[in-house]
Amino acid sequence: MPARLQIKSEDCSPLGRLILQHLEDEGISMNRLAELSGIPQPRLRGACFKGTCPTPETLRKLARVMGKHHLELYTLAYEGRIEKLPEDANDNSLDMLMREMFETAREMGLTPPTNRPSKAKIRKALIELGFHPKSEETA
């Protein structure tokens, strides 16, 4: 029997590290996760490495099996591939904000909405989170 190729955490993207952690937590193999998700094993294995771009369909299938929202996996998969924010940018970058929202929702036992919220609901939520018009910043 040939030696199995092990994936090292240091070779993985943030998504890959999450996948490896899931395998360990669930006590399953990469082959089993591939089978459960309907993703070919080589594609799943490839999605773990730095510099890879898993397809949206791969991320959706994987999210279902891992009990995550697919947007969480998108932010991990593309972390570091999006242009860095300027030095003077606020620390609350979009991906950090998205992860924090999903983490908080999970802690509260909430599931994401099945339908996209209306613009009015999004505006109300942004104001409740402390967003304000730029004109108020200079006042």
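1. The residues that line the largest pocket comprise 17 nonpolar, six polar and seven charged. Here Ala, Val, Leu, Ile, Met, Phe, Trp, Tyr, Cys and Pro count as nonpolar, Asp, Glu, Lys and Arg as charged, and the others, Gly among them, as polar.

2. The model is predicted: local features need pLDDT of at least 70 and side-chain atom pairs pLDDT 80 or more, while totals for chains, interfaces and linings use all residues. Residues are numbered from 1 along each chain as its sequence is written, and side-chain values use heavy atoms, leaving out hydrogens and water.

3. The volume of the largest pocket is about 1,200 Å³. Among its 30 lining residues, M101, F102, P112, P113 and P117 are the closest to its centre. Helix 6 contributes the most to this lining, namely eight residues. (A pocket is an open set of points on a 1 Å grid over the protein atoms alone, where a 1.4 Å probe fits, with protein on both sides within 12 Å along at least five of seven lines; lining residues have an atom within 4 Å of a point. Volume is the space filled by probe spheres set on the points, which are joined across faces, edges and corners. Helices are DSSP runs of H or I, at least four residues, numbered from the N terminus.)

4. R43 lies in helix 3 (residues 41–47). R43 is classed as partly exposed because its relative accessibility is 47%, between the limits for buried (under 20%) and exposed (over 50%), with a 1.4 Å probe and protein chains only.

5. Beyond its neighbours within four places in sequence, L15 has contacts (heavy atoms within 4.5 Å) with A47, P54, L59, L73, L76 and A77.

Conventions
Helices (H or I, at least four residues) and strands (E, at least two) are DSSP runs, numbered from the N terminus.
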